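Hi,

Here is the structure I promised to send over. Have a look at it first, and then read on for what turned up.

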Amino acid sequence: MSKKRMGITDVLESVKDNASGEKVELGEVVEHLEHRGFGPILLAPALVALFPTGAIPGIPSACGILIFLIAIQMAWGKKHPWLPNKLTAIGFSQEKLGKVIDKVCPYTHKIDRWFKPRISILSEGVVKRLVALLCALAGLIMTPLELVPFAVMLPAFAIVLAAVGLSTEDGIVIAIASVIMVGSFYLLWINYLQ
């Protein structure tokens, strides 16, 4: 039985349609996406960090830790992610989330046409686990990069691409995401370690 592939628009609309109450918790989003594989689950916190919600202090760090916990389990070979209650309880306004998704969806419809299964070796087996490890490390560096204006957008964007590439089995997108993640590590290096 093959998994149904989800484009970016499918993931965004699914998150929006299944959110309940005034406050949307990360745990609610993850629970909804759990049966769809690690790609969409990685996509949700990466989008939260990339979009205007990522400008709220502490949100990029929380999203980065969540990404690390999800991606490291994928790298380890687990089929379903486990998350601690403190992270799943982090929430944000459903209204703001809905507005952001509504603004972005017309663009994601166009983008969804670009992604298709290509160079599938990059979305399978050991290579897939290495990509997951890169995502985990990129998630971790979001915490220190939060202190540098707009810097967190680079690893968040790379993780969005990796998540989409993994979801659609698009090896070209996964390769581009991996290069951008390496660029994120360089950004950390020049800001903190040099």
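Below are some notes on the cores and the salt bridges.

Please keep in mind that this is a predicted model.

Let's start inside. In soluble globular proteins, nonpolar side chains tend to be buried together. Here, the largest nonpolar core contains 56 residues. Among those with the most contacts inside it are L42, L43, I70, C135, M142, V160 and M181. Several helices each supply at least two residues of this core, including α1 (8–18), α4 (59–76), α7 (125–140) and α10 (171–193). Helix α3 gives the most, with 10 residues.

Now for the charged side chains, where the count comes to 2 salt bridges.

One joins K99 and E95, at 3.2 Å from N to O. Both residues sit in helix α6, 4 residues apart, which is about one turn of the helix. E95 counts as exposed, at 53% relative accessibility.

The other joins R118 and D170, at 2.6 Å from N to O. R118 is in the loop between α6 and α7, while D170 is in the loop between α9 and α10, so this pair ties together parts that are 52 residues apart in sequence. R118 is partly exposed, with a relative accessible area of 26%, whereas D170 counts as buried, at 0% relative accessibility.

Happy exploring!

Methods:
Residues are numbered from 1 along each chain as its sequence is written. This is a predicted model: local features need pLDDT of at least 70, side-chain atom pairs count only at pLDDT 80 or more; totals for chains, interfaces and linings use all residues. Side-chain values use heavy atoms; hydrogens and water are left out. A nonpolar core is a set of buried Ala, Val, Leu, Ile, Met, Phe, Trp, Tyr and Cys residues joined through side-chain atoms within 4.5 Å. Buried means under 20% relative accessible area, exposed over 50%, partly exposed in between (1.4 Å probe, protein chains only). A salt bridge is a side-chain nitrogen of Lys or Arg within 4 Å of a carboxyl oxygen of Asp or Glu.
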